Amino acid sequence: MNDMTPTREQREAKLEGMGCKRKRVEDIRFTQGKGNYVDDVKLPGMLHGDFVRSPHAHARVKKIDDTEALKVPGVLAVITAETLKTVNLAWMPTLAGDVQMVLADGKVLFQNQEVAFVVATDRYAADDGINKVVVEYEPLPPLIDPFKAMAPDAPVLREDLAGKTTGAHGPRKHHNHIFEWTVGDKDLTDAAFRKAEVTIKEMISYHRTHPSPLETCQCVCSFDKIKGELTIWGTFQAPHVIRTVVSLIAKLPEQKIHVISPDIGGGFGNKVGAYPGYICAAVASIVTGKPVKWVEDRIENLTATSFARDYHMTTEIASTKEGKVTGLRVHVLADHGAFDACADPSKWPAGFFNIVTGSYDFPTAHLSVDGIYTNKAPGGVAYRCSFRVTEAAYCIERAMDILAQKLGMDPAELRLKNFIKPEQFPYHSALGWEYDSGDYATAMRKAMETVKYAELRKEQAALREAFKRGETREIMGVGVSFFTEIVGAGPSKNCDILGIAMFDSCEIRLHPTGAGIARMGTKSQGQGHETTWAQIIATEIGIPADNIMVEEGNTDTAPYGLGTYGSRSTPVAGAAIAMAARKIKAKAQMIAAYKLEVHEDDLEWDIDGFRVKGLPEKTMSMKDICWAAYNSVPPGMEPGLEAVSYYDPPNMTYPFGAYICVMNIDVDTGVYKVRRFYALDDCGTRINPMIIEGQVHGGLTEAFAIAMGQEIRYDADGNVVTGSFMDFFMPTAVETPHWETDFTVTPSPHHPIGAKGVGESPNVGGVPAFSNAVNDAFSFLGSTHIQMPHDYWRNWKAAKDLGAVA
Amino acid sequence: MIPGPFSYHRPATVADAVKLLSNLGDEARPLAGGHSLVPMMKLRLATPEHLVDLHGIAGLKGIRRDGNTIVIGAMATQHELLASDEIGRSLPILDETALLIADPQVRYRGTIGGNLANGDPGNDMPALMMTLGASYRLEGTSGAREVAASEFYQGAYFTALEPGELLTSVAIPVPAAGHGYAYEKLKRKVGDYATAAAAVVLTMAGGKVATCKIGLTNLSETPLLAEDAAKAVIGTSLDPATLKKAAAAAEAIMSPAADARGPVEYRKHVGGIMVMRALQRAAGRAS
Ligand SMILES: Cc1cc2nc3c(=O)[nH]c(=O)nc-3n(C[C@H](O)[C@H](O)[C@H](O)COP(=O)(O)OP(=O)(O)OC[C@H]3O[C@@H](n4cnc5c(N)ncnc54)[C@H](O)[C@@H]3O)c2cc1C
């Protein structure tokens, strides 16, 4: 060996494989403004479409007069429901088994609902046209309060469903009822409550909010009349699903539809579903034969294309006097708005809300969810969340604090007492899930030690005394949250979207020089797939990550996959990548054996190639194997080195974490200060620690926003009062607290590389940590539960209601 | 979020600008930094047919001291206020307030003239100008006049400006040496208008308040001078009871609207808190 021979460490480092803090390759273009987003797509002769929207929450549409609009220079067409009926597209199916108006058909059901689509030669002309369309409305009484939706005399919202006593998920109890979903053993749970020494009951609301990605929803549709082909560039988190849906509803052959998701500026669930803008732009392009662009503005995004949460969760826990939980009962009133357009796997009308038993060993539980219609925007998307897991985590984490308060126990102690123990995994929860792995107590204790939890409690006690003596107007809260997520939808046995199993895929093709391209069915919206996917391949097959180009988002070239949301990319596509890489490695081993003139079994893998067992100088690098794959494969073997894997996961993965938030609140103004936020995440094997940290920072910032002020709020008439970034709380760097991150590693036993997914954990676990901090701060004044969001005026009102402010 | 059609004019002198404005009539609006006007146009809440851009008028720029008065040209940006040594020396409360307006991007474009002429109760500078006893120079086709800031604001977006008139400069008497000052603003985040804000300029003598002015932002349709509140603190050492009395007197004249910042009751309550905190901080700075 001479000095030039790289050491094992140098060879490892060169790969930049799993565990490496590899810098994000996509940032080279993003930070220089060279990304290519939908709005960057500019085609010759391209037209622009924009919507006339309803000012009313509930009204009959008597007449739409487009005469003056069509006189505006540049305006070419005004599309209404009547136009769409001629192509049978006035309504579209939703992912949740409902139907949704594309354009108002006879009535409008929420403010800013799409009423007409104006097509013009430029965006300015389109908007001038919008202002000239005269719509005659007859206002109807709006239904805004979800708790009044099922009153006998509640207004009838969905006249199209008249007489339909059964919906996509079973019987409907009322004209505004969508479904009832129940899970668990009711009798056993009722019995547990009858026998309970201690019970708590609280209506815990998770208010309506919105994912609000930086880039709004948009598309460019271009129909080629000669070829009969439709190309759609769109902000799609799941481009393949969009292609299939378009094919089914527009009755176009699937091979003639090309869906391309270019760079996406954030999705957070907002870009999973199909929206009227896509349909209208496609129809407009088919009708005019020209490309048509549709780009939402911020107000439209916040008020019309989907919302998240809006779950009202009446929660009860039964427990012993010592704080051992014995039963959980939850009823959810789920406000779905005007149409059920939730983006859940088809058989799951309330998503995976039955993860609501959380990290605790509940012997029995029962859950029922009633979905209802109101005069609000449709949606119910998973905002950085695996299908209602955020709601579930908030519900149980808030309820555990309420129980601790009733028992006079420390909330962290109560959690430690009830955790599922490491030896109980795989753990079967009372509501039907099989948790793959976890070591909760270790994580909780590490968090408590790091923040010096006991000292914080002492400080809090002293401050409370000072407050009572009138020496300070500040109160202090310590918020504990221990969440368990369920991500990686999902196994074909229980997850599909419109009948398509929720597998994901990867195709790897290596080139002769030891480089290659890899394509997946997922689609990054900022998660950094181009970086991390290459790292998995680098470790698996010993080709440097820099030599692997990752490509996603083009349905013509990428293998079919269900897309990126619900923290599913690493659990599902990440597994497909490892499996495809292993197929390549198996073939590579045969080639190496042939070239080294030994039996395959005599070879062993060594970082970036194979070596002969016992003869470490006899090696063949993966780079050389790539070359050999194209000129000297063993007799009978096909040349080339590529593989495809479609991965159907055997189970979900269950990341978890322990978060602690320390906050002070000035009762006179309600102004809070987050003094400390510590987040420990266990996402199993860590592919790129830097990206994980970035994901955690982003998710915590969203959690902070949601808990502390971000909401889509309606007034009694159904007007959105928080429809722009002036009032919809989008924190800047100035408001955002400092984040401390930490980790433990408990790999998933069933995942090929043991990874669990992390993107959504901070949003899921962060919200209860903030809310528990606020509630903990106020608890000594006598409150059990204060609803989110905890913005300044509501904190002040809480203080006032509790007698702490005159 | 797409404005309607308009035509654009860029005069080089005040005389040309006022002539244009009076010829074009109601459908013309002066354009300064555009950071209040353009958002309104994008929402089509404002649909002027003509914009008369004031950026070409050299005479509207500049900050100068004229004896005991600071004169600021209407087109001085909020950033220029912050960069000015003269303002830093003589009117530090202006810096404190400007720093609480939006973010650097907005402050690079937004002008003092636009902020004062806009008539939005959420703008921070108007109440401050009332507190400082400033006056505005208004110029129209029939000549120039001076109007006190305290006489200028008549309702939301409704001011003493006659059609065709421009606000060309603001004159601010330099506060006494050793004065104390504070601008207390409660807002939800960077870039937000005040939930409530209070400006205080005072002088102290022998540990007691000698003179005091208090202004209030976004607590009514117009900026307010809280005269009774100011009176209540004269001759006191700002003991807790006096502070409470001042807050109550200020609250008595507030009539904010309920909005996403909070209900009326909250906005008035924190208005009172801002007054108390501004008084205390100002007193701490006085010598
Ligand atoms: C995100 C954001 C946050 C903001 N937050 C705050 C805040 O917290 N506090 C605050 O005070 N402001 C705030 N502003 C407003 C900002 O300070 C504006 O720049 C200012 O209100 C208007 O100044 P301008 O030069 O931009 O005026 P423009 O927007 O150009 O004009 C405003 C109005 O005044 C008229 N006008 C302008 N100049 C003259 C003149 N010389 N004579 C007569 N009429 C004239 C115009 O015709 C128009 O009607 C915010 C703005 C934004 C975009």
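Strands here are DSSP runs of E of at least two residues, and helices are runs of H or I of at least four, numbered from the N terminus. Two strands count as paired if DSSP finds at least two bridges between them.

I noted that the model is predicted: local features need pLDDT of at least 70, side-chain atom pairs count only at pLDDT 80 or more, and totals for chains, interfaces and linings use all residues. Residues are numbered from 1 along each chain as its sequence is written, chains are lettered from A and ligands numbered from 1 in the order in which they are written, and side-chain values use heavy atoms, without hydrogens and water.

I found A:Ala59 opposite A:Pro139 in strand 8 of chain A. The open sheet has three strands in the order 6-2-8 (chain A), with antiparallel pairing. Strand 6 (107-108) and strand 8 (134-139) of chain A are its edges, each pairing on one side only.

I then turned to helix 11 (residues 240-253) of chain B, which has 14 residues. Its buried residues (under 20% relative accessible area, exposed being over 50% and partly exposed in between, with a 1.4 Å probe and protein chains only) are B:Thr242, B:Leu243, B:Ala246, B:Ala247, B:Ala249 and B:Ala250. Down the axis of helix 11 of chain B they fall within an arc of 165 degrees (from directions of the helix axis to the C-beta atoms), so they line one face of the helix. The face turned away carries exposed residues, including B:Lys244 and B:Lys245.

Conventions: The expected span of a helix is 1.5 Å times one less than its number of residues.
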